[in-house]
Amino acid sequence: VEGDVQVLRPADEDGKQEWEEALVNLPIQQGFRLATGRGRAEIEFESGATARIAENTVVEFTELALLDGGRITRLRLVQGTATFYANLSREDTFTVATPQLEVSIPDDARFRVDSTEESSTVAGYVSGTGTDAVPSDGTLLIGNTAGGYSVGNITAGTGITVTNGNGTIAIAAGGLQAQPYG
């Protein structure tokens with residue numbers, strides 16, 4: 001925690017909630033909200049994943065749970081910018097939602113999410129894919145139910161546009177943009 005960082009705990013029995021200063025090493029629990037003004041915060045999760053929260057950002061911790069030996073982490077980036085690092089075990093799940101999109105990572109990833117009321121952008125790098133297939137222009141590595149990855153194409157559908165650029169693929173739907181980086 002550095003600078004102006006506030007936490008909002010779930011409502012008490014009387015329905016009261018108040019923002020309070022977030023302290024270093026504050027244990028974050030399901031239902032908490034974290035907001036930065038002119039400050040930044042770093043959160044370390046039980047899975048070993050890390051979230052770095054930039055200035056002027058609001059994050060909700062919607063689900064922090066254990067299920068069948070796996071750690072479930074579900075966050076909602078209400079507004080602002082956050083960078084996430086994760087090296088998950090096979091049973092773990094890590095998901096970040098915004099008002100426009102949801103990002104779920106398979107295992108080892110580093111990605112940044114920017115969110116406003118109108119749009120969201122994802123920039124990410126995923127490694128540890130277990131494949132030596134190399135995507136070419138207009139293709140991505142896509143996870144499959146067998147637990148592996150293959151090179152695949154993204155096809156536009158109704159209301160969706162796909163734009164291939166030099167080293168990028170932009171996907172848009174009503175203000176939504178997701179773009180790989182690396």
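**View 1. Phe45 and Phe94 are both buried.** Buried here means under 20% relative accessible area, with exposed over 50% and partly exposed in between, using a 1.4 Å probe and protein chains only. This is a predicted model, where local features need pLDDT of at least 70, side-chain atom pairs count only at pLDDT 80 or more, and totals for chains, interfaces and linings use all residues. Residues are numbered from 1 along each chain as its sequence is written, and side-chain values use heavy atoms, with hydrogens and water left out.

**View 2. Four aromatic pairs turn up in a search of the whole structure.** Take Phe45 and Phe94: their ring centres sit 5.7 Å apart with the planes at 85 degrees, so this pair is edge-to-face. To count as a pair, rings of Phe, Tyr and Trp (its six-membered ring) need centres within 6.5 Å; planes under 30 degrees apart are stacked, over 60 edge-to-face and the rest tilted. Phe45 is in the loop between β3 (33-44) and β4 (50-53), while Phe94 is in strand β7 (residues 93-97), so the pair ties together parts 49 residues apart in sequence. Strands (E, at least two residues) and helices (H or I, at least four) are DSSP runs, numbered from the N terminus.

**View 3. Phe84 also pairs edge-to-face with Phe94.** Here it's 5.9 Å centre to centre, with 65 degrees between the planes. Phe84 belongs to strand β6 (residues 70-87) and Phe94 to strand β7, so this pair ties together parts that are ten residues apart in sequence. Phe84 has 1% relative accessibility, so it counts as buried. Phe94 comes in at 1% as well, so it is buried too. Ring pairs join Phe45, Phe61, Phe84, Phe94 and Phe111 into a cluster.

**View 4. Strand β7 pairs with β6 and with β8.** With β6 the pairing is parallel, over five bridges; with strand β8 (residues 102-105) it is antiparallel, over four bridges. Strands count as paired if DSSP finds at least two bridges between them. β7 and β8 make a hairpin with four residues between them, and Ala97 stands opposite Glu102 in β8. β7 is mostly covered, with four of its five residues buried.

**View 5. Thr95 is a residue of strand β7.** Arg74 stands opposite Thr95. Thr95 is at 4% relative accessibility, so it counts as buried. Skipping neighbours within four places in sequence, Thr95 is in contact (heavy atoms within 4.5 Å) with Thr73, Arg74, Leu75, Glu102, Val103 and Ser104.
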